[in-house]
Amino acid sequence: FTGASGPRGKNSSLPKTGPRRSFDDMFQANSLASLELQGHVRYISDGEYLPLLRRLVKAANQSIMISMYHLAPGSRTPEIDGLLDLLADAAKRGVYVYVVLNSPENMSDSQHAAHSGAAEFLRDRGVDARLGVPGVNLHEKLVVVDLSKILLGSHNWSEGALNGEGVYESSAFIVLQRQEPRFANYIMQHPAVRDMTTRDAWENELSLLRHLGGMAPDERRKYIQSISRGVSP
């Protein structure tokens, strides 16, 4: 990862995506090896998390990389809607914003509609939003700004986690002495939907991936071979 520069926004081109051509690594989880870093660490309580997150997004000048398990925009969560607007504003001023969201295994899960809607909103505004592969549970709550400011812990972007009512969360804020690209590379290498060109395209791919995830390995291999040959299974 080297970051991105130049104007972005609704009328700018996001990195190209297209139909999935390979199914070899679709359910293979990504990992980050242990590493030692130099910097400062601060514990972030519930009341500090949202104001700090807003400041980080507003001050970003190169990149914002996000891996988030649960994001719940809507009328009951104006805080989250405001965060999405801030990410869109960052993309508009030339910051590369990459967001990958968990995809539940069951399409009837409310998270499916919430994350697909958020991805559509963000992509329309120049944010490189992606949806994870169903079956690879993305339980992280990780934000990396300008390759050197890291916010991680238990805070989802949801009503319960951000309003501090009845839910206790903990996060840490790490400021590194120098930029570290491995966190950004780690986020970008998470298994994700390949075709994010339109909502219909990614919904269709998600349906296929869920179908494949429910098959036995031998059955899945035969099915994939038939798809590759263009033969109806």
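Biologist: In which loop is Ser-158 found?

Modeller: This is a predicted model, and the description below should be read with that in mind. Ser-158 lies in the loop that links β6 (149-153) to α4 (159-163). With a relative accessible area of 11%, Ser-158 falls under the 20% cut-off and therefore counts as buried. Leaving aside neighbours within four places in sequence, the residues in contact with Ser-158 are His-70, Ala-72 and Ile-80. Thr-77 is 81 residues away along the chain, yet its C-alpha atom is separated from that of Ser-158 by 7.1 Å.

As for the setting, the protein has seven helices and seven strands. Read from the N terminus, their order is β-α-β-α-β-α-β-β-β-α-β-α-α-α. Of the 233 residues, 46% are buried. Contacts between residues at least 6 apart in sequence join residues at least 24 apart in 80% of cases; the pairing of Ser-158 with Thr-77 by C-alpha separation spans 81 residues.

Among the strands, β3 (residues 96-101) can be described in some detail. Six of its six residues are buried, so β3 is largely enclosed by the rest of the structure. In a regular strand, side chains alternate between the two faces of the sheet. Here Tyr-96, Tyr-98 and Val-100 point one way, while Val-97, Val-99 and Leu-101 point the other way, and all are buried.

Strand β3 has pairing partners in β2 and β4. Strand β2 (residues 63-68) runs parallel to β3 and is joined to it by six bridges, with Ser-63 opposite Tyr-96. Strand β4 (residues 128-131) also pairs with β3 in the parallel sense, over four bridges, and Ala-129 of β4 is the bridge partner of Val-99. Between β3 and β4 the chain passes through helix α3 (residues 110-123), in a β-α-β crossover that is right-handed.

Helix α3 in turn meets helix α6 (residues 199-213): their axes come within 11 Å and cross at roughly 145°, and the crossing is right-handed. On the α3 side the contact is made by His-112, Ala-113, Ser-116, Gly-117, Ala-119, Glu-120 and Arg-123, and on the α6 side by Arg-199, Trp-202, Glu-203, Leu-206 and Arg-210. By class, the residues of this contact divide into four nonpolar, three polar and five charged.

Technical notes
Residues numbered from 1 in each chain as written. Predicted model: local features only at pLDDT ≥ 70, side-chain atom pairs only at ≥ 80, totals over all residues. Heavy atoms only, no water. Buried < 20%, exposed > 50% of the residue type's maximum accessible area, 1.4 Å probe, protein only. Helix = DSSP H or I, 4+ residues; strand = E, 2+ residues; numbered from the N terminus. Pairing = 2+ DSSP bridges. Right-handed = clockwise from strand over helix to strand, strands pointing away. Axes fitted to C-alpha atoms, helices over the stretch in contact; angles between N-to-C directions. Left-handed = near helix turned anticlockwise from the far one by under 90°. Contact = heavy atoms within 4.5 Å. Nonpolar A, V, L, I, M, F, W, Y, C, P; charged D, E, K, R; others polar.
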